[in-house]
Amino acid sequence: MAHPTKAGFIDTRCVFTKPRDAVQLTAGGRTLLETPNAGGNSIWSEVMSFEVIRACFGAELLHTELDIQYRPTSKITDYSVCIDGEPVGVSVTRVINFRDLKHKGHVRRSFTYDGVRDLLYKKLFGVIASTKGVLKRYRWKKQILHIWTTSAFVTRAVRHVYAEIDALYQHNTLVLVTEAKRGHWMF
């Protein structure tokens with residue numbers, strides 16, 4: 001994986017050829033699916049995030065969201081993995097152009113670069129804060145911010161906005177952006 005003290009950006013594309021219920025999960029993916037998390041409706045994006053990171057980097061699941069302990073009031077991370085013998089925190093989010101999801105039962109909202117910028121700053125700040133707040137037993141030196149997108153257009157928008165983000169916020173985070181082709185069930 002990338003250097004432990006440098007930021008990075010990778011974009012990928014994942015084409016789903018099966019419906020959600022037919023996706024074959026690894027043991028780590030099943031653990032994330034079957035273990036309660038801190039809430040929200042992002043379980044499938046977290047499960048598939050693990051599967052992508054496992055396939056790309058040979059990651060093994062270390063801890064789920066509620067297993068990881070932090071100092072009081074710390075931001076939290078979705079799960080942690082081991083890559084090349086090193087613990088790595090993983091935060092997962094989604095950037096959605098609701099027009100890509102038409103006829104999928106979603107409320108349509110406008111997609112804006114400002115919205116992408118706000119989300120990136122919020123998530124990158126959270127990554128830095130959770131890295132500082134995690135207790136020593138669970139500590140990692142680097143995190144991956146895994147961003148799922150609904151289309152190549154949204155991926156390009158994230159790449160464009162990320163290039164403008166202050167290096168202080170990029171810190172040493174690897175931003176992994178994955179377009180979920182035919183994976184609307186994650187959104």
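A word on the model. It is predicted, so local features need pLDDT of at least 70, side-chain atom pairs count only at pLDDT 80 or more, and totals for chains, interfaces and linings use all residues. Residues are numbered from 1 along each chain as its sequence is written, and side-chain values use heavy atoms, leaving out hydrogens and water.

Back to Arg 117. What does Arg 117 form with Glu 164? A salt bridge, with the closest N and O atoms 3.0 Å apart. That term means a side-chain nitrogen of Lys or Arg within 4 Å of a carboxyl oxygen of Asp or Glu. This pair links distant parts of the chain: Arg 117 sits in helix H3 and Glu 164 in helix H4, 47 residues apart. Glu 164 is partly exposed, at 43% relative accessible area.

Arg 117 also meets Asp 114 in a salt bridge, 2.8 Å from N to O. Both of these lie in helix H3, 3 residues apart, about one turn of the helix. Shared partners join Asp 114, Arg 117 and Glu 164 into one network.

Now the helices themselves. Helices are DSSP runs of H or I with at least four residues, strands are runs of E with at least two, and numbering goes from the N terminus. H3 covers residues 113-133 and H4 covers residues 152-164. Their axes come within 9 Å and cross at roughly 60°. Axes are lines fitted to C-alpha atoms, for helices over the stretch in contact, and angles run from 0 to 180 degrees between N-to-C directions. H3 and H4 are therefore oblique to each other. The scheme: under 35 degrees is roughly parallel, over 145 roughly antiparallel, 65 to 115 roughly perpendicular, and the rest oblique.

Who touches whom? Contact means heavy atoms within 4.5 Å. From H3 come Tyr 113, Val 116, Arg 117, Leu 120 and Tyr 121. They meet Ala 157, Val 158, His 160, Val 161, Tyr 162 and Glu 164 in H4. These contact residues divide into 8 nonpolar, 1 polar and 2 charged. Nonpolar covers Ala, Val, Leu, Ile, Met, Phe, Trp, Tyr, Cys and Pro; charged covers Asp, Glu, Lys and Arg; the others, Gly among them, are polar.

Last item. The salt bridge count comes to 6. One of them pairs Arg 20 with Asp 21, at 3.9 Å. Arg 20 is partly exposed at 32%, while Asp 21 is exposed at 72%.

Technical notes:
Buried means under 20% relative accessible area, exposed over 50%, partly exposed in between (1.4 Å probe, protein chains only).
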